[in-house]
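Visitor: I'm new to this structure and would like a close look at just one part of it. Could you take me to a spot in the interior and tell me what sits around it?

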Amino acid sequence: MIATFFLPGRVCATKAIREIARKTTAKYTMICLKPEIEWVYLGQERMIQVLEMTGADMAYSDHFAKINDVVTEAPVIDYQAGALRDDFDFGAVMLWRTDKLRELVAEMNTEYEYAGLYDLRLRAERLEHIPEYLYYEVETDTRKSGEKLFDYVDPRNRAVQIEMEACVTAHLKRIGAYLQPGEYKTLPEAGEFPVTASVIIPCKNRARTIADAIHSALNQKVREGYSFNVIVVDDNSTDGTAEIIQEGINGDASLNGANGELIYIAQDKTWHAIGGNWNVAIHDPRCGKYAIQLDSDDTYFDENTVQKFIDKFESAGSEPEQDSHAAPRFGMVIGTYQLTNMAGEILPPGVIDHREWTDDNGRNNALRINGLGAPRGFYVPLLRTINYPTTKYGEDYAVGLRISRDYPIGRIYDVLYNCRRWEDNSDANCDIVAMNRNNWYKDRLRTWELKARMNND
């Protein structure tokens with residue numbers, strides 16, 4: 001009843017998928033992505049049962065992971081329309097209805113070297129998650145979640161990423177969600193702002209790092225005719241963070257910079273998270289025309305980051321305007337960062353520049369990847385019409401997707417930012433429950449965005 005085939009991981013050629021469809025003669029076809037699978041009693045029978053009950057194209061399930069003979073639970077998440085990232089975790093076992101597998105393979109009209117399995121599952125109509133632990137798999141990638149986070153932008157994987165982008169772009173065209181290059185709405189008018197730009201630093205319990213962030217922001221330099229301030233939003237810290245910020249306002253020489261004004265906003269006791277802290281900052285009347293990100297545990301690369309953002313927003317072709325009230329070209333600008341430890345030493349993969357973004361196809365490919373890059377700058381009159389979701393994860397991705405639908409995004413490929421990795425980073429070493437929650441939420445964001453694009457809303 002089941003024909004079983006082994007594929008060494010998610011990255012495989014179209015010809016391998018065609019070969020499986022050609023060779024299988026059973027009613028169900030099992031594709032295993034890892035060689036060592038041990039089944040719980042009647043586990044395979046349960047997968048068949050669910051396929052027969054639901055009529056799904058493919059079924060996958062929760063499982064157990066074995067790492068050095070230690071067994072742990074490894075649940076996966078439900079598939080949804082926005083689960084477009086090519087690294088979606090189905091586990092090591094995918095059970096297909098053979099008739100549907102052959103039908104989908106017959107439709108595959110591009111010969112990919114790497115994106116064969118990705119192409120197959122994007123074409124499927126229903127992928128059924130079974131929330132039951134049906135097998136054991138041996139886990140070979142034992143890196144922490146924070147170390148796996150940047151695999152998709154590792155230059156060594158560039159050829160794979162190019163194919164994955166081509167594959168998802170073809171999928172978006174098939175379902176009517178593809179955005180044509182160069183078709184944008186007009187940005188809202190700026191009006192008057194007290195300064196050209198504001199550096200926004202949301203924080204909560206960052207006593208160890210907030211002084212570095214503030215110092216980095218206040219020491220920015222802008223040309224004559226431009227101005228900036230630094231807005232720090234503290235979300236009820238209990239570790240002394242608020243007192244450090246107050247010291248900066250009171251003139252502590254170790255915190256104070258030479259140029260910008262430091263503004264402190266203390267949040268009330270209601271729920272805010274990172275997104276809510278950003279909303280308070282951008283709607284504050286002291287906020288500038290451009291809002292530029294600085295996380296509370298990071299620093300700018302040098303004193304020119306703010307000016308480079310302004311120049312990119314107001315560039316006319318390749319040359320910046322010299323008028324601080326010039327109309328911007330972009331709704332959002334995204335820079336380049338480098339990974340460092342707290343001592344400033346470069347960590348692999350080093351510079352993260354997101355060169356997979358192109359003016360023609362970046363906003364389509366944005367639905368495939370899990371992040372758009374950093375640091376991020378926003379045109380505030382536009383951002384005030386969109387706002388951040390009030391959440392502590394994925395809030396920046398949500399805003400970036402929304403802006404990319406209707407407005408151009410500019411890129412700066414100079415290193416502007418030091419992303420400092422340490423044990424308190426929110427994604428340094430998430431357990432599987434947290435990773436699933438984060439991935440499910442970003443898939444949900446993509447699902448909503450996909451629907452909006454299909455509806456031309």
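Guide: Let's go to Val 230. Setting aside neighbours within four places in sequence, Val 230 is in contact with Val 199, Ile 201, Ala 217, Leu 218, Glu 261, Leu 262 and Ile 263. Keep in mind as you look around that this is a predicted model. Val 230 belongs to the largest nonpolar core, a group of 80 residues, and together with Ile 201 and Val 232 it touches the most other members. Apart from that core lies another one, made up of 27 residues, including Leu 7, Leu 33, Phe 88 and Met 108.

Of its 457 residues, 56% count as buried. The protein has 14 helices and 18 strands. Among contacts with a separation of 6 or more, 80% are between residues 24 or more positions apart. As for overall size, the C-alpha atoms fill a box of roughly 75 × 50 × 40 Å along the principal axes. A compact globule of 457 residues would have a radius of gyration near 23 Å, so the protein's 24 Å agrees with that.

Glu 395 is in helix H13, which covers residues 395–406. Glu 395 is buried but has no salt bridge, and the nearest side chain of opposite charge, Arg 376, is 5.4 Å away. Not counting residues up to four places away in sequence, Glu 395 touches Ile 274, Gly 275, Tyr 388 and Pro 389.

Methods. Residues numbered from 1 in each chain as written. Predicted model: local features only at pLDDT ≥ 70, side-chain atom pairs only at ≥ 80, totals over all residues. Heavy atoms only, no water. Core = buried A, V, L, I, M, F, W, Y, C linked by side-chain atoms within 4.5 Å. Buried < 20%, exposed > 50% of the residue type's maximum accessible area, 1.4 Å probe, protein only. Contact = heavy atoms within 4.5 Å. Helix = DSSP H or I, 4+ residues; strand = E, 2+ residues; numbered from the N terminus. Lys, Arg positive; Asp, Glu negative; His and termini not counted. Salt bridge = Lys/Arg side-chain N within 4 Å of Asp/Glu carboxyl O. Rg over C-alpha atoms; globule rule 2.2 N^0.38 Å.
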